[in-house]
Amino acid sequence: MLVSAKEMLTKAKAGKYAVGQFNINNLEWTKAILLTAQELNSPVILGVSEGAGKYMCGYKTVVGMVNGMIDELGITVPVALHLDHGSYEGAKACIEAGFSSVMFDGSHYPIEENIAKTKELVEYCDKLGLSLEAEVGAIGGEEDGVVGNGEVADPNECKMIADLGVTMLAAGIGNIHGKYPENWAGLSFDTLAEIQKLTGTMPLVLHGGTGIPAEMIQKAISLGVSKINVNTECQLAFAAATREYVEAGKDQQGKGFDPRKLLAPGFEAIKATVKEKMELFGSINKA
Ligand SMILES: [Zn+2]
């Protein structure tokens, strides 16, 4: 059964580790992430962007697939199904479809409008026992056509949004979606420390987890980050493993063209990436 992300993140914040959000794109992705979480006894958050939701036919299909897998794979670790960077309308649609958690990304609105819309969704989610992630200060890079400038959030604005009663808060601290450029300045730990001081026990979310050096991840966790989003890294691992299979000509040997064989190396590569991240984040055996 799907659960809200509230309890797993409250525990993570108190225990100084982070729960990974791994974005899904299809059946193989979802199965690889769920099986790895179960094998490692780790809580997990499945992230779905609006674009990926559309790709998978719509939110109801996603909910049906994930619920079916939890049942038929015998998944007993806590699993949250979470909308990533949702619009106000997208958040409502996911709640109706059966998601257990949503992110409303109002970071591109003026702060007053971000507050007004976030507040409405807090009430809606509270009534249904769902978790809600809000964002202050856009995350750099591009995600599904939403481009941010790599802002660093204003800690006082973070406090204003946190005080509305959201479950977790994403704040830009110099992090970027996708691959990090050579000249990246690194995470702004001063900003993170300031946000943490003002928001207290609120679990903080680090987006753009791909390619942030391990020491920076660990430092961010020590400063109150308890949810880390990973997306691009699984895509790169899947693509590399699939390329290797095809370039080795394995799809032309025997029944190597069978999609269940063709997609198997990519599936294993996602599992390995998720395992590596769960080790780094410290969420193993925390289910
Ligand atoms: Zn993000």
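The buried residues of α2 are covered by elements that include β1, β2, α4 (59-72), β3 (79-86), α10 (232-247) and α12 (264-281), where contact is taken as two C-beta atoms, placed from the backbone, lying within 7 Å. This is a predicted model, in which local features need pLDDT of at least 70 and side-chain atom pairs count only at pLDDT 80 or more, while totals for chains, interfaces and linings use all residues. Residues are numbered from 1 along each chain as its sequence is written.

**Helix α2**

- Helices (H or I, at least four residues) and strands (E, at least two) are DSSP runs numbered from the N terminus.
- With 13 residues, α2 reaches 18 Å from its first C-alpha to its last, close to the expected 18 Å, the expected span being 1.5 Å times one less than the number of residues.
- Trp29, Thr30, Ala32, Ile33, Leu34, Thr36 and Ala37 are buried in α2, a residue being buried if 20 or more other C-beta atoms, placed from the backbone, lie within 10 Å of its own, exposed if 12 or fewer, and partly exposed in between.

**Positive phi in loops**

- Most residues other than glycine have a negative phi.
- Asn41, in the loop between α2 (27-39) and β2 (44-49), has a positive phi of about 55 degrees, and Asn41 is partly exposed, with 14 other C-beta atoms within 10 Å.
- Lys16, in the loop between α1 (6-15) and β1 (19-23), has a positive phi near 55 degrees, and Lys16 is partly exposed, with 14 other C-beta atoms within 10 Å.

**Gly172**

- Gly172, in the loop between β8 (168-171) and α8 (189-199), counts as buried because 25 C-beta neighbours lie inside 10 Å.
- The C-alpha atoms of Gly172 and Gly211 are separated by 16 Å, the two residues being 39 residues apart along the chain.
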